[in-house]
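Open the structure in your viewer and keep the selection panel at hand. The tour below goes from one selection to the next.

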Amino acid sequence: MGKREGEVVCVTGGSGYIGSCLLHLLLHHGYTVHATVKNLEDEKETNHLRAMEGAESRLRLFQMDLLQYDSIVAAVTGAAGVFHLASPCIVDKVHDPERELLDPAIKGTINVLTAAKELGVRRVVVTSSISAIIPSPNWPADVVKNEDCWTDEEYCKRKGIWYPLSKTLAEKAAWEFAEEKGLDIVVVNPGTVMGPVIPPSLNASMQMLLRLLQGCTEVYEDFFMGSVHVKDVALAHLLVYENTSATGRHLCVEAISHYGDFAAKVAELYPEYNVPKLPKDTQPGLRRSKDASKKLIDLGMEFISMEQIIKDGVESLRSKGYIS
Ligand SMILES: NC(=O)c1ccc[n+]([C@@H]2O[C@H](COP(=O)([O-])OP(=O)(O)OC[C@H]3O[C@@H](n4cnc5c(N)ncnc54)[C@H](OP(=O)(O)O)[C@@H]3O)[C@@H](O)[C@H]2O)c1
């Protein structure tokens, strides 16, 4: 991995759950970071970033709206690399999918890539998701899902599940743009991200853990494919940025597993909570796999175990007062 101390990079969605963790890692590695937040006046979006070691001299915050091109240009100007994380993350029902999810995800991605191309950025890391890999009901049942697998758009439309559709269309648009305009992009597809929380509010995936501890029996049939530690997701972003040999999509999960496996482990580790007993196979037809994220493992990743992901997540929820 080539050290790039002093290099300027831009992180969109820097105030979010994964964004904060990536920012912390980048500052630790000596980068200067332009991070975008939706509202610069809101201390809940900025205080946890300004408090990081190195932030005083190497962090600049920019107010950015994914649909306002000029606000993106301001943040990307001067950056050698861009990490594009900003995208609405809503797995619950939405009223206006176009406005709430699809437009910011798809048009936002194109705006970020256009700015990167115009401004001569060397490489863009696009944060996609396993939600651009599943739900994929037509994938052969005897083959483990991998980076060749894409979410079934028609299935999403039929079932009205808009988040996977937003991630799938955004990633496809990114690849199309990169090919047409000749921009170097690389993609990370994280599973359900959990672990310690830096921001003051809880994102969608950590809310899943909280709900499980509170007894919720939802199994996220169309959303879950495995868990991954937030620090591993940040590290995966850095690895694919710094390794010029990294190309294409990168599935980023500790293992391919069912939500039932995850819930059973939470119940075993924390019997004091009201964790429901879920069926063993909560993701019908999904083949389990221990080393599914081969591309990242080959780049040097050693994934943190599901047990540690759960322990770090629960401890963080406790320390922030979400559970006692
Ligand atoms: N968490 C997971 O399990 C998971 C798994 C796979 C992929 N991902 C992807 O990882 C990325 C980060 O997710 P996260 O879990 O860290 O969620 P998060 O905490 O909700 O972060 C999303 C970030 O995007 C920003 N954003 C949303 N809409 C925006 C808009 N219209 N203009 C500007 N900024 C906007 C948010 O700003 P505000 O905070 O101001 O709203 C926030 O900083 C997303 O692309 C998500 O799809 C997440």
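Predicted model: local features only at pLDDT ≥ 70, side-chain atom pairs only at ≥ 80, totals over all residues.

Select residues 249-252 and show their side chains. Arg249 and Leu251 lie on one side of strand E9, His250 and Cys252 lie on the other, and all of them are buried. Both faces of the strand are therefore covered, since buried means under 20% relative accessible area. In a regular strand, side chains alternate between the two faces of the sheet.

Strands E6 and E9 pair in the parallel sense, over 4 bridges.

The space that the ligand takes is the largest pocket. Helix H1 (17-28), helix H7 (162-181) and strand E7 (192-194) are the elements that give two or more residues to the shell around the ligand.

Which residues come nearest to the ligand? Of the 26 residues around the ligand, select Tyr17, Ile18, Leu85, Tyr163 and Lys167, which come nearest.

- Leu85: a backbone N or O atom lies 2.7 Å from an oxygen atom of the ligand.
- Lys167: a polar side-chain atom lies 2.8 Å from an oxygen atom of the ligand.
- Asn203: an N or O atom in the side chain is 3.0 Å from an oxygen atom of the ligand.

Finally, show the surface of the ligand. On its own the ligand has 880 Å² of accessible area, and the protein covers 86% of that area.

Definitions and conventions:
Residues numbered from 1 in each chain as written. Heavy atoms only, no water. Buried < 20%, exposed > 50% of the residue type's maximum accessible area, 1.4 Å probe, protein only. Pairing = 2+ DSSP bridges. Near = heavy atom within 4 Å. Polar contact = N/O pair within 3.5 Å; in protein donor to acceptor, adjacent residues only side chain to side chain. Areas by Shrake-Rupley, 256 points an atom, 1.4 Å probe, with all protein chains shown as cover. 1 Å grid on protein atoms, 1.4 Å probe; cavity = no way out; pocket = protein on both sides within 12 Å on 5 of 7 lines; lining within 4 Å. Sits in = over half its atoms within 2 Å of the grid points.
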